[in-house]
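Subject: Structure handed over, with notes

Hello,

Please find the structure below, followed by my notes. Keep it open while you read.

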Amino acid sequence: MLNRYIFLNILFFISPLFAQNYTLDLVIDESSKDYISSIKKETKSLFSSSDKVLYNIKICKEECEQYLDKKRKVLFFKSNKKHKKVAKNYIINYNFISSIYDENRVLRTTALAIYEVLKEKKYNSIYIENKSKIEQVSKYENENLKLINLEDVFTLAGKNNLEIKQNQNSIRLDDLNIDESKSLYRPQVDVYSNYIGIDKDRAQYSNGVNSQGTFDAGIKVKQLIYSNQVLQNIKIKKLLSKSTKDEVKALNDEIMYKATLIYLNIIKAKKANQIIKIKQDFIEQNLEFAKQRVNIGVQDRSDVFRWESELANVNIDLANSSKDLNSLKIELGNLLQISDEFRVYEYGMSSILFKLDNKDAIKFIADKRVQENFSNNIVHSHSRLKQLGFLKDVKQEELEMNKDSRYMPTIAFEGNAKKIIDRYGEGKDAIRAWDDEEYQAVLNLNIPLYEGGLKSTKIQKNQIELINLKLQYNNMKNLIVENVRKNFESLKRSYEKIKFAKISQESSKKNFELIQDKYKNGKENIISLLDAQDSYIISKLNLNISIIEYLSDLSSIYFFSGKIDILVDKEKKREVEEKILNIVRGIEK
């Protein structure tokens, strides 16, 4: 143990004896001078901590090629072409830098060039051709595509969706059914004409009653004076119309809710796609660095192979992610009856659309008093419940109608006027005691006494159907309340997950940057870097998922409360906000 201690102390004191000082002439053009400190930092990471590099820096304001000579130096400048190798000169030139990844690539190449010149006496000419933003546009979403937001989605769905159009036709049909039932109380007027011909013998021996041929014309009028069944049926049709309107509202809300969830999932898929692209950039960046380390002989090709494998895998992930994103856009496009060539506005926690009173909605919805109000009051105005409520009223009216039909009379009037216009043939000139005009009026009173037990059967069926509707109403109410309460809890969990995901992302990002820096200096292996990279990517994905889950849960609460349209209807949203604020202030229970 003592010997080891002595050895370490001797090593500590003699290590500075092996330190080396290097001098380098570095030529940099005017547009690249801001990278000097970064180049020095990258270069220092490649040398021993005891080594020192002294720089003689020359900034060329015009053509840097004039400094190409046989004196040892490194030249770093911007150019549109590659220069030929010059003895004792290491040339690094690039076309432009458009991203942080381009910058890192250029800086690392320059640092490795300095290392090769000073340590290995190697010289070369490297041209770094970075891809322009225009060339990279296919890698990211086309900014020329039409941008749509959630308000556009609701508008387009209401205008174009085929199911919504069918639903609106159902309302029109019910209005026509009401008119049809009312028509029974309007008079029915018929004008008619008859031609009657009989054989000659019958006309001859009828003593003038009938002629061989008769042509007459007349008018017939029918008017229902009173029918309890018809009156009740009109009332039933009106109630059915109200029920249909609420059913259509519920069906349309379901379509809007579905469109909202698809829209939010598109945002989630788009974010996931972007995160995978970030991972792809990381891998490409580290692959390039690994290749450079191989080129200068400080590392074998094992890391290159591993990075190439990782790049192939992430390209597969990116292809699958793009496929999922496109599928969702096709689904939304079909629902809205528009082309899938669009991009969506990205909503997040700061989006005013998902806030209440300009605050995170959870701040109010977490209040138990607000939750109880949603469950006990707002939920009961849900269109599905209103629809079932009207259906109960319909069945109650049918029951009363069938009970009343046992003794309620039907009163109707029928009148008929007819005139014989012409006679011909045998008997046409016979003398008759009556003229050719005929009138008849009938007032009909009908009281049903017995219909073979049919009325009793109808009454019993109505009673059972009414019970079933009441059970269905209570079941639907319980289901809505249950879903709202589940979404309350889910919203709370999602909000908590967002906070944890932010912490995770921040920590994993710092860890990744630290491990990546150590990997560049040869102090960490590729496994540690991959673990740190995956941890960072997963934390970004988790944050993205948590935010979309929160927005989806909030949308679900609005939907199951029958208020999905407050996402886009400012007036309805203001009413809900005012109600919630009154509850929080204790003004309203």
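This is a predicted model: local features need pLDDT of at least 70, side-chain atom pairs count only at pLDDT 80 or more; totals for chains, interfaces and linings use all residues.

Residues are numbered from 1 along each chain as its sequence is written, and side-chain values use heavy atoms, with hydrogens and water left out.

Some terms come up throughout. Helices (H or I, at least four residues) and strands (E, at least two) are DSSP runs, numbered from the N terminus. Two strands count as paired if DSSP finds at least two bridges between them. In general, strands of a sheet pair through backbone hydrogen bonds, either parallel or antiparallel.

The parallel sheet

An open sheet of five strands has the order β2-β1-β3-β4-β5, and its pairing is parallel. Strands β2 (52–60) and β5 (125–128) are at the edges with a single partner strand each, so one side of each has no neighbour in the sheet. From one strand to the next, the twist averages 15°; for such angles, axes are lines fitted to C-alpha atoms (for helices over the stretch in contact), and the angles run from 0 to 180 degrees between N-to-C directions. Helix α2 (residues 36–44) packs on this sheet and touches β1 (21–29), β2 and β3 (73–78), where contact means heavy atoms within 4.5 Å. The direction of α2 makes about 155° with that of β2. Strand β4 (residues 89–94) is joined to β5 by four bridges, and Y94 has I128 in β5 as its bridge partner.

The antiparallel sheet

Another open sheet has four strands in the order β7-β8-β12-β13, with antiparallel pairing. Here β7 (188–197) and β13 (437–446) are the edge strands; each has a single partner, so one side of each is left without a neighbour in the sheet. The twist averages 15° from one strand to the next. Strands β8 (residues 213–227) and β12 (residues 410–424) are joined by 14 bridges. Opposite V221 is G415 in β12, and opposite A217 is K419 in β12. Between β12 and β13 there are 10 bridges, and N416 stands opposite Q440 in β13.

Two buried residues

G213 lies in strand β8 and is buried, with a relative accessible area of 0%. (Buried means under 20% relative accessible area, with a 1.4 Å probe and protein chains only.) Leaving out residues up to four places away in sequence, G213 touches I196, G197, D422, R423 and Y424. The C-alpha atoms of G213 and L75 are separated by 124 Å, and the two residues are 138 apart along the chain.

S181 belongs to helix α6 (residues 162–182). S181 is also buried, at 3% relative accessible area.

Regards

Methods
Buried means under 20% relative accessible area, exposed over 50%, partly exposed in between (1.4 Å probe, protein chains only).
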